[in-house]
Amino acid sequence: MVLAIAVAIADLGPRLSSESTTVRPLDAAGVVLLLLPCVALVWRRTRPIPVLLITCGCLLLVQVRDYVEPPSIFLSLL
């Protein structure tokens with residue numbers, strides 16, 4: 001649980017700042033797509049494959065919807 005909260009803060013914090021590198025401003029869907037993989041980390045030990053699929057799917061949608069620039073690093077995927 002602590003890991004999920006720490007990753008959510010580290011992943012979402014810079015994107016909400018005024019100097020964010022987002023191509024498209026974050027709306028509710030963007031925030032959900034960035035937070036969902038972090039929440040899924042709670043179940044990473046008991047259900048690793050679904051967590052990996054959720055994380056990859058959400059981060060792919062974030063890239064497709066242009067919420068971030070391509071070279072950004074996502075901590076939840078690591």
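1. The structure contains zero disulfides. This is a predicted model, and the point should be read with that in mind. A disulfide is a covalent bond between the sulfur atoms of two cysteines. To be counted here, the two sulfur atoms must lie within 2.5 Å.

2. Cys56. Cys56 is partly exposed, because its relative accessibility is 36%.

3. Cys58. For the sulfur of Cys58, the closest cysteine sulfur is in Cys38, at 9.5 Å, so this pair is also too far apart for a bond. Is Cys58 buried or exposed? Its relative accessibility is 6%, so Cys58 counts as buried.

4. Helices. The protein has three helices and zero strands. Read from the N terminus, the order of elements is α-α-α.

5. The largest core. Which residues form the largest nonpolar core? There are seven: Ala4, Val7, Ala8, Cys38, Ala40, Leu41 and Val51. Helix 1 (2-16) and helix 2 (28-40) each contribute at least two residues to this core. Helix 1 gives the most, with three residues. Cys38, noted above as holding the closest cysteine sulfur to that of Cys58, is a member of this core.

6. Contacts of Ala4. Leaving aside residues up to four places away in sequence, Ala4 touches Cys38, Leu41 and Val42.

7. A separate core of five residues includes Leu34, Cys58, Val62 and Tyr67. Cys58 therefore has a place in this second core and is buried at 6% relative accessibility.

8. Gly30. This residue lies in helix 2. Gly30 counts as buried because its relative accessibility is 0%. How far apart are Gly30 and Val62 in sequence and in space? They are 32 residues apart in sequence, and their C-alpha atoms are 6.8 Å apart in space. Val62 is one of the residues in the second core.

9. The protein overall. Of the 78 residues in the protein, 29% are buried. Among contacts between residues at least 6 apart in sequence, 60% join residues at least 24 apart. The accessible surface is about 5,000 Å², and carbon and sulfur atoms account for 71% of this surface.

Methods:
Residues numbered from 1 in each chain as written. Predicted model: local features only at pLDDT ≥ 70, side-chain atom pairs only at ≥ 80, totals over all residues. Heavy atoms only, no water. Buried < 20%, exposed > 50% of the residue type's maximum accessible area, 1.4 Å probe, protein only. Core = buried A, V, L, I, M, F, W, Y, C linked by side-chain atoms within 4.5 Å. Helix = DSSP H or I, 4+ residues; strand = E, 2+ residues; numbered from the N terminus. Contact = heavy atoms within 4.5 Å. Areas by Shrake-Rupley, 256 points an atom, 1.4 Å probe, with all protein chains shown as cover.
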